[in-house]
Amino acid sequence: MSSASGALPQPRRGRPGPWPPAPPPQPQAQPLSWAKRTGFQPRVSGESLPSASAPNSGQVPLPRPAEAPADLESGPPARPNSALPPPPAAPAAVAGNGERQQPPLPPPQARTRRRDSDGGRPNGQAAAPSLPQLQEEEEPPERPAHVKYELRDTPGLFPLVIYGFQHYISMVGSIILIPLIMVPAMGGSADDTAAVVSTVLLVTGMTTLLHMFVGTRLPLVQGPSFVYLAPALAIIYSPEFFGLNDNNFKHIMKHLQGAIIIGGAFQVVLGYTGLMSLFLRLINPVVVSPTVAAVGLSFFSYGFAKLGTCIEMGILQLLMVVIFALYLRKIKLFGYRVFLIYAVPLALGITWAVAIVLTATGVYSYKGCDANIPASNNVSAFCRKHVLRMKSCRVDTSHALRSSPWFRFPYPLQWGTPAFSWKMGLVMCAVSVIASVDSVGSYHASSLFVATRPPTSGVVSRGIGVEGVSTVLAGLWGTGVGSATITENVHTIAVTKMGSRRAVGFGAILLLLLSIVGKVGAFIASIPDVMVAALLCFMWAMLCALGLSNLRYSATGSSRNSIIVGLALFLSLSVPSYFQQYGVHPSGNSSVPTYFQPYIVASHGPVHTGSGGVNYVLNTLLSLNMVIAFLVALILDNTVPGGRQERGLYVWSEAEVAKRESAFMKDYELPFKIGRAFRWVKWVGL
């Protein structure tokens, strides 16, 4: 006993106190109103921390484990005593072995907790007392601090022009590249491609303004969607169109217009009848993520196969856009990340300039050969061997820029009266549901950047209804695909820091003006096919990544979610592959390029019933990757048990609560007091 007393002096021994030891006295934060009413007394520092996996998601916060890994973007890791207290056996061992009592550690930094209804936008993570600082319910929600201009901000005239133009330039690939694939597939000429591009610019401007005024009112560009590209190609390569010789383009376009109008009308019903409000209960991040990702993955057969026809130019184009978007993304010029924002147009301009130089110096010239003569009409075996390379690598094979007029106004029914087919219309109706699911994810993600709160389910339904009207307009004008919220909107807002709907509206007016300048459409139509394929490889990869990024709203470490998403993605590749390869003979359909072979499934699919129309619909839909991914994810996510926190359910604002908040009403209320006439339609308004 004496030796023990000598090792540890009695005055410093003290009587063991409670565990964990109390921190030194410090000023306590004023208790909040709910704490005064309930008498809540916090006992453990760091209670009710938001999920480390999704701090900005607006979802139900997940409980943080005691030994959770540190969030690298949230500052230094928490001290060990911020976890839950150890088992009761530990104090007895410490108190009875004669060791020195540890001094109390300083309290950890606590994060500010946001309510679920506020959209979960990021707020500052500053040092705070051990008591979690909950936001008063009476206070208005904080405005997002990570955008330069918010939803209702009005930049000056010069910033309005610059930011409006910049917003659309950063999305130029999604807006203009679809016609460059579809029109040649329909047998159209370069002049037809230029006309469709001008039509796309006009319809994109009109539908964006429409959505900004009477849709969700979020700064989202409405335009040709990749969701509609695969079903459009399936219709283009329908068996009834194989024997056409004259006017292939206009004949196929009229059938596409009819199918798109039917699909748009179905989407109008889905939105304005309130069915979308009910359907929202089934749509969650685990459903949206694989569905959108499958849209990008579905075109893998086209990407590099087309790029390889002029491998050096294609690889150069792909490398340039990757270098600008990834390696140089943090370099700023004049305060802007120019290389990240303008990655696609910069890479296209540099590669196109290199191709012009190589063409002018005769690198792609072969004696006695003409790139404009089809390979089948060439007598010389030497020319037949090199004509495809010449056509793919040279930049002077398109005459659209010389032959197109300076001014051309796209008008409705310019290709003729639409032809309606119930089987093609049913395919587009199903695809409009997929487009709506894609748009729901974009609505939620973009609202977290620019608005006070996420929209209500009625505002979402209103937006889907307007998208249906936009698709009907796209069918009447003849763009070849339906109109929807472009998925890259979220990426563009995050990169450009521009959330003002006035800037997006000004850019839409610029598109309307550019659409009547025929040379603009002709210039875009003259982009070489190889460069288009290289840009699409990047665009589709980014679309896949944007889809998978929706998983940040759910419990990313959940085995339930991982298995559902993995199974949906795998089956979305495997099941369509079975349908596409069923009954295919190597010598059959030789007139169709190999990268378009997956879209002729309607002529040889495994479904055989007594009705040819039913065979067409089922074989076509089940060969679409996004349809399989959506069905698998929808069924599994809504039948496999899982909590709200684990599933990461989308949190939409409550209409009754939102009506009492003036900031929310200014964000989403229809302009010019239009909404007052539709107050009785509760499922599409506020």
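**Questions on a predicted model**

Student: This is a predicted model. Is Ile 162 buried, partly exposed or exposed, and why?
Tutor: The relative accessibility of Ile 162 is 35%. Buried means under 20%, and exposed means over 50%. Ile 162 therefore counts as partly exposed.

Student: Which residues make the nonpolar surface patch of about 410 Å²?
Tutor: Start from Ile 162, in helix H5 (residues 157–169). Ile 162 is one of the patch residues.

Student: How far apart are the end C-alpha atoms of helix H18 (residues 422–450)?
Tutor: H18 has 29 residues. At 1.5 Å a residue, H18 should span 42 Å. The computed distance agrees, at 41 Å.

Student: How many residues of H18 are buried?
Tutor: H18 is largely enclosed by the rest of the structure. Ser 439 lies in this helix, and its relative accessible area is 0%, so Ser 439 is buried. For H18 the count of buried residues, out of 29, is 26.

Student: What is the C-alpha to C-alpha distance between Ser 439 and Leu 220?
Tutor: In sequence, Ser 439 and Leu 220 are 219 residues apart. In space, their C-alpha separation is 9.8 Å.

Student: With which side chain does the side chain of Thr 487 make a polar contact?
Tutor: Thr 487 sits in the loop between strand S2 (483–485) and helix H20 (489–496). At 10% relative accessibility, Thr 487 counts as buried. Residues it touches include Val 292, Ser 442 and Leu 543. The polar contact, at 2.8 Å, is with the side chain of Asp 438.

Key. Residues numbered from 1 in each chain as written. Predicted model: local features only at pLDDT ≥ 70, side-chain atom pairs only at ≥ 80, totals over all residues. Heavy atoms only, no water. Helix = DSSP H or I, 4+ residues; strand = E, 2+ residues; numbered from the N terminus. Buried < 20%, exposed > 50% of the residue type's maximum accessible area, 1.4 Å probe, protein only. Polar contact = N/O pair within 3.5 Å; in protein donor to acceptor, adjacent residues only side chain to side chain. Contact = heavy atoms within 4.5 Å. Patch = residues over 30% accessible without salt bridge, like charges linked within 9 Å, V, L, I, M, F, W, Y side chains within 5 Å. Areas by Shrake-Rupley, 256 points an atom, 1.4 Å probe, with all protein chains shown as cover. Salt bridge = Lys/Arg side-chain N within 4 Å of Asp/Glu carboxyl O. Expected span 1.5 Å × (residues − 1). Lists of a residue's contacts leave out its neighbours within four places in sequence.
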